[in-house]
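Please view the sequence and the model together while reading.

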Amino acid sequence: MDAQQQGNTAANAGQEDYLDKGLDAAEKKFGQGKVDPAKERGMNEKVTDKARGMFEKATGKDVPAKFSN
């Protein structure tokens, strides 16, 4: 992760977009209540950032603003 991505992740740590909320919901549902999304925020940001990057690489388009912070 380069310095710009780290800065963006730190700046957006307080914000949750739809992708982040969806991941949190999946953790709650399939983690059987054993996973606390607040504690996993850093890892979740890495996962969703990677997913956004893969989407953009595969489609050549930016993730819609509605889904990305």
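Is the crossing of helix 2 and helix 3 left-handed or right-handed? The crossing of these two helices is right-handed; a crossing is left-handed if the near helix is turned anticlockwise from the far one by less than a right angle, and right-handed if clockwise. The model is predicted, so that local features need pLDDT of at least 70 and side-chain atom pairs count only at pLDDT 80 or more, while totals for chains, interfaces and linings use all residues. Residues are numbered from 1 along each chain as its sequence is written, and side-chain values use heavy atoms, with hydrogens and water left out.

**Overall arrangement**

The protein chain has three helices and zero strands, and its pattern along the sequence is α-α-α. Helices (H or I, at least four residues) and strands (E, at least two) are DSSP runs, numbered from the N terminus. Of the 69 residues in the protein chain, 20% are buried. Here buried means under 20% relative accessible area, exposed over 50%, and partly exposed in between (1.4 Å probe, protein chains only). Among contacts (heavy atoms within 4.5 Å) between residues at least 6 apart in sequence, 53% join residues at least 24 apart.

**Helix 2 and helix 3**

Helix 2 spans residues 18-30 and helix 3 spans residues 41-59; they pack at an angle of about 125 degrees, with axes 10 Å apart. Axes are lines fitted to C-alpha atoms, for helices over the stretch in contact, and angles run from 0 to 180 degrees between N-to-C directions. The two helices are therefore oblique to each other, given that angles under 35 degrees count as roughly parallel, over 145 as roughly antiparallel, 65 to 115 as roughly perpendicular and the rest as oblique.

On the helix 2 side, the contact includes Leu-19, Asp-20 and Leu-23, and on the helix 3 side it includes Val-47, Thr-48 and Ala-51. The residues of this contact divide into four nonpolar, two polar and six charged.

**Individual residues**

Arg-41, in helix 3, is buried, with a relative accessible area of 12%. Its side chain makes a polar contact with the side chain of Asp-24 at 2.9 Å. Glu-27 lies in helix 2 and counts as buried at 16% relative accessibility. Beyond residues up to four places away in sequence, Glu-27 touches Gln-32, Val-35, Pro-37, Glu-40 and Asn-44. Asp-49, also placed in helix 3, is partly exposed, with a relative accessible area of 28%.

The table lists C-alpha separations for pairs that involve these residues.

| Pair | Separation along the chain | C-alpha separation |
|---|---|---|
| Arg-41 and Asp-24 | 17 residues | 8.9 Å |
| Asp-49 and Asp-20 | 29 residues | 9.5 Å |
| Glu-27 and Pro-37 | 10 residues | 7.1 Å |

Definitions and conventions. Nonpolar A, V, L, I, M, F, W, Y, C, P; charged D, E, K, R; others polar. Polar contact = N/O pair within 3.5 Å; in protein donor to acceptor, adjacent residues only side chain to side chain.
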